[in-house]
Every structure is written in structure tokens, then in C-alpha cells.
Amino acid sequence: MKHIFEKGKNPSKPTLLLLHGTGGNELDLLPLAGRIDDEASVLSVRGNVLENGMPRFFRRLAEGVFDEEDLIFRTKELNDFLDESARKYDFNRNNIVAIGYSNGANIAASLLFHYQNALKAAILHHPMMPRKGIELPDLTGKSVFIGAGTNDPICSPLESNDLQSMLAKANAKVEIHWENKGHQLTASEVEAAAKWYRNL
Ligand code: MLT
């Protein structure tokens with residue numbers, strides 16, 4: 001997968017996995033990484049799917065309607081890419097913290113839904129429920145921050161709360177932070193995520 005890897009100053013820190021929103025690329029979230037942890041290594045990935053020229057991490061059939069088969073395939077592809085990258089760049093595969101926005105948050109949530117050890121923790125900015133009606137792996141020891149919007153037109157508060165309870169039912173430690181700026185990723189949401197990360 002097309003990506004950027006930047007080795008951090010402190011090898012005991014997690015590797016931050018950056019996953020952009022629809023139409024973005026691997027450059028978009030680089031400034032966020034510095035605000036979360038400026039000593040951590042960074043692996044920023046570009047989604048492999050194109051929708052009218054816009055990169056995404058998996059196909060959708062319509063706005064908010066996911067192509068489940070492709071989601072499952074792309075989630076495995078990303079998980080395999082994390083295995084390969086950990087070997088290639090010599091970072092700890094068991095210490096990856098994802099930071100995803102929108103479509104990137106959805107594939108990060110899908111990693112948690114399908115693979116017990118894909119991520120150590122995740123910051124999900126405006127995620128949706130990646131799949132419904134499936135059994136999640138035991139996520140004991142995993143921590144998740146959800147940045148949600150009381151008036152997010154893409155992801156309703158009900159769906160944000162459902163995602164929180166699905167993850168919590170699988171034993172993940174989940175914190176949900178509410179904003180009222182629609183689907184936007186605001187500075188105060190990033191600050192809340194940074195504060196959460198410092199207490200990991
Ligand atoms: C998705 O397709 O993943 C969601 O609708 C969010 C987005 O628009 O990227």
C-alpha cells in the first residue's frame with residue numbers, strides 16, 4: 001500500500017497508524033500525529049480504493065452503505081500490510097495506535113471488529129459502525145477513543161453510541177467525546193484525543 005513511514009525519536013513509543021478520510025491521502029493527518037505524540041513513529045497509509053478519483057479504504061455502494069465483501073477484503077489487506085511494515089521498519093507490531101478520520105476511522109474500527117491483535121488502541125474521529133450483527137473478538141486490554149458529533153449528518157449519535165457499546169461489550173475500554181460541529185474534525189476534538197492518549 002502507498003504510505004509514508006517516519007521513525008520516531010523514542011522506540012518505546014507506539015507507532016501511530018494514520019488513516020485519512022474519503023478523498024484524502026497519506027499526507028493529510030501528519031500534523032495530527034505531532035499533536036498526539038511527537039516522539040512516536042508514524043505509518044501513514046493511502047487507501048487502495050478509488051471512488052471517482054478519491055482514495056478510500058474500502059468500497060461503498062452508496063453514502064453510508066458499505067460493500068461488506070470489499071470491507072472484509074480490505075481490512076485483511078491492511079492487517080497484512082501492518083504485519084509486513086512491522087518487519088520492514090522494525091517496529092513493535094503489538095504497539096500500534098490507529099488515528100483515523102471518517103472512512104479511515106471506519107477501517108480502523110473494522111480492524112478491531114475482525115482481528116484481536118491488529119491494534120493496541122485507536123482514536124476514531126467520526127466513525128460509523130463498520131458491520132452489524134457480528135461477534136467481535138475479545139478486545140480486553142484495548143483502548144478506544146471515539147470523537148462523535150451530536151449533529152453529525154453522516155454518523156448519527158445513536159450509531160456512535162451503538163459503536164461504543166459494541167466495543168465495550170467486547171471488553172475494550174472506550175471513551176466517547178462529543179462535539180457539535182457536524183462531521184468536522186475540530187481542534188478541540190484533537191485536543192481531547194491527545195489528553196486521552198496521555199493517559200493510555
Ligand atoms: C464511509 O463511507 O466510510 C463513510 O461514509 C464516511 C465517508 O464519507 O468517508
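Predicted model: local features only at pLDDT ≥ 70, side-chain atom pairs only at ≥ 80, totals over all residues.
Phe5, Tyr89 and Phe91 form one aromatic cluster.

A pair of aromatic rings is described by the distance of the centres and the angle of the planes. The structure holds 4 aromatic pairs. One of them joins Phe5 and Tyr89, whose rings are stacked, with 4.2 Å from centre to centre and 10 degrees between the planes. Phe5 belongs to strand 1 (residues 3-6) and Tyr89 to helix 2 (residues 68-89), so this pair ties together parts of the chain that are 84 residues apart in sequence. The two residues fall on either side of the 20% limit for burial. Phe5 has a relative accessible area of 18% and is therefore buried, whereas Tyr89 has 21% and therefore counts as partly exposed.

Another of the pairs is made by Phe145 and Trp196. Their ring centres are 5.8 Å apart and their planes stand at 50 degrees, so the pair is tilted. Phe145 is in strand 10 (residues 143-149) and Trp196 in helix 5 (residues 187-198), which means that the pair ties together parts 51 residues apart in sequence. Both Phe145 and Trp196 are buried.

These pairs sit within a chain that has 5 helices and 11 strands. For 200 residues, a compact globule would have a radius of gyration near 16 Å, and the 15 Å of this chain agrees with that. Along the principal axes, the C-alpha atoms fill a box of roughly 40 × 35 × 30 Å. Of the 200 residues, 55% are buried. When contacts between residues at least 6 apart in sequence are considered, 68% of them join residues at least 24 apart. The chain carries 23 positive and 26 negative charges, and the mean positions of the two sets are 3 Å apart.

Ser160 lies in helix 4 (residues 157-169) and is buried, because its relative accessible area is 2%. Leaving out residues up to four places away in sequence, Ser160 touches Ile146, Ala148, Cys155, Ile176 and Trp178. Two of these contacts, Ile146 and Ala148, fall within strand 10, the strand that also holds Phe145.

Asn48 is placed in the loop between strand 3 (41-45) and strand 4 (49-51). With 36% relative accessibility, Asn48 counts as partly exposed. Beyond its neighbours within four places in sequence, Asn48 is in contact with Met1, Arg56, Arg74 and Glu77. Glu77 is 29 residues from Asn48 in sequence, and their C-alpha atoms are 9.5 Å apart in space.

Two loop residues have a positive phi although neither is glycine. For Asp90, phi is near 60 degrees. Asp90 is found in the loop between helix 2 and strand 8 (96-101), and its relative accessible area of 63% makes it exposed. For Ser102, phi is near 55 degrees. Ser102 lies in the loop between strand 8 and helix 3 (103-114) and is buried, with a relative accessible area of 13%.

Key: Residues numbered from 1 in each chain as written. Heavy atoms only, no water. Helix = DSSP H or I, 4+ residues; strand = E, 2+ residues; numbered from the N terminus. Rg over C-alpha atoms; globule rule 2.2 N^0.38 Å. Buried < 20%, exposed > 50% of the residue type's maximum accessible area, 1.4 Å probe, protein only. Contact = heavy atoms within 4.5 Å. Lys, Arg positive; Asp, Glu negative; His and termini not counted. Charge placed at Lys NZ, Arg CZ, Asp CG, Glu CD. Phe/Tyr/Trp six-rings, centres within 6.5 Å; stacked < 30°, edge-to-face > 60°.
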